[in-house]
Amino acid sequence: MSFKLKTILLFLGVSLIPYALSMILLGSSFRQEQYNAVTQEMNTQLSLTVERIDQHLQTLQNDMAFIAKSEVMNDLYTQDLDRRISTMLLSKKNDMKMSGDFYVIDVNRKIIASSDFSTLSKIKSIQPFFAIPIHSTFTQEKIADLIVTYPLDNFQPFFSNSPQRHYYLKHRNGTIALRPNVFEESLQVSHPLKHQPELTIVLEEEKGFAYRLLYKYEQWFIALLIAGAIFIAAAAYYIATGLIRPVIALSDTAKKITRTQDYTQQVSVDRDDEIGQLSDAFNTMIGGMDKALDEITTLNHEIEDTQREVVFTMGSIGESRSKETGNHVKRVAEYSKLLALYYGLNEEDAEMLRQASPMHDIGKVAIPDAVLNKPGRFDEEERRIMDTHAELGYEMLKHSNRPLLKMAATVAYEHHEKYNGSGYPRGLSGEEIHIYGRITALADVFDALGSDRVYKKAWDDERIFTLFREERGEHFDPKLIDIFFERLDEFLAIRETFKDTHES
């Protein structure tokens, strides 16, 4: 058998076997992707339906809570007021376009108001869907319950059913409700309701209908597999006869360069055709590879520097909106790095925290100016709005996979948490608070207290130090407070270095 024939047969075997395996794996992967796509589409539809139902139930709960707290509820036993309340409950039922009724039931289970007037003054045991206690605003004692019955057919308007796809309800105890029919084979996805977790919404689809496109694709895939094998066999013959030796030479050289990272190697192919031109181009490309790699490395450094600069600039923007001191973010950054190093973090993490901490108040860009720059104390509503800046900052940054921005998201989210658990937005305590958040909290408060703000004058140092000693283990991590006082001279030196220009 000639070498040429051996080469052709070898090339056919080497080409067709991987091709067949690849196509089989590709087909299996494609099938799995289609399965996943169908399930994902069903999950998406189900999530939207569940979200609409939960929003509806949330509205129902909110409205009941509002009614329960209304002043008219304090006069439940006033003559004819039961009729007025009942009329209000009937109006709410009609507004919600729901079946079921609202009831106001006193502690003796007597119905003293209801959207169903026929039940007034009756004593009746009712299984509520939601129940809201009613308390007297004078005695703070519970005087009654506002409950609602909510038959499951209220969910029907939220379901978009078809002969091949439908929704139904499943109770925690296994009870099924509102299921139109049962398919022989089906796909199912389910999701519990947030406001009624004992109820689960199930989306069911007939299997043949769900995979109808996949079955059609499989027929085409088999035809493509056969056609591809024929094409590869024909191509292998022509490639093997004229190209296999120089291609192997190119491949071997490329592998060697990859293994040794020696870009001075060259491939030698003595031909005047396109293969020879390819080898010349390959040699030229390898010659310039080392320079290109150096340029890529330089560009990567420039990108990292730009990222750090953008992070710092964004932090400065957040501070400038609230008219805080110009060098606040610089000082907080330096304080944070110093605390991190003495706490035991490595140099890389400490430096990254220095770069990330300027973003701690980035959420303030979303706070209205009227609240952000109010001269004086906030009222309750203004304080609630202002306190959202921590979570707003986290939401702005959490989607990034960059380590620096992920750290900045943590700092923004947790720098108002307190060691004793009384902070916000999540009420974390102790080491539940990430060390980045604990460090930035101390750095931020130290600089804020020592700086003039629209709502206060700067505190003197002794007042700040007294507060820090009092808040050791309360607001702040005790270890960080100890580090602060042990290295106080270094913190004061940073403050002096980055002193605002308007300060004396």
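Modeller: Strands (E, at least two residues) and helices (H or I, at least four) are DSSP runs, numbered from the N terminus. This is a predicted model, in which local features need pLDDT of at least 70, side-chain atom pairs count only at pLDDT 80 or more, and totals for chains, interfaces and linings use all residues. Residues are numbered from 1 along each chain as its sequence is written, and side-chain values use heavy atoms, with hydrogens and water left out.

Colleague: Where is H195 found, and is H195 buried or exposed?

Modeller: H195 is in the loop between strand 7 and strand 8. Its relative accessible area is 17%, and buried means under 20%, exposed over 50%, partly exposed in between (1.4 Å probe, protein chains only). H195 is therefore buried. Not counting residues up to four places away in sequence, H195 touches D54, L57, Q58, Q61 and F130, where contact means heavy atoms within 4.5 Å.

Colleague: Why does K93 count as buried?

Modeller: K93 has 17% relative accessibility, so K93 counts as buried. K93 is found in helix 2 (residues 81-96). Leaving aside neighbours within four places in sequence, K93 is in contact with M98, G100, D101, F102 and S115.

Colleague: What is the strand order in the open sheet, and why is one side of strand 6 and of strand 7 left without a neighbour?

Modeller: The sheet has 4 strands in the order 6-5-8-7, with antiparallel pairing. Strand 6 (176-177) and strand 7 (186-192) are at the edges and have a single partner strand each, so one side of each lacks a neighbour in the sheet.

Colleague: What makes strand 5 and strand 8 a pair?

Modeller: Two strands pair if DSSP finds at least two bridges between them. Strand 5 (residues 165-171) and strand 8 (residues 199-206) are joined by 7 bridges and run antiparallel. H171 stands opposite L199 in strand 8.

Colleague: Why are helix 12 and helix 13 called oblique to each other?

Modeller: The axes of helix 12 (residues 403-414) and helix 13 come within 8 Å and cross at roughly 60°. Axes are lines fitted to C-alpha atoms, for helices over the stretch in contact, with angles from 0 to 180 degrees between N-to-C directions. Angles under 35 degrees count as roughly parallel, over 145 as roughly antiparallel, 65 to 115 as roughly perpendicular and the rest as oblique. Helix 12 and helix 13 are therefore oblique. M407, T410, V411 and E414 in helix 12 meet Y436, G437 and T440 in helix 13.
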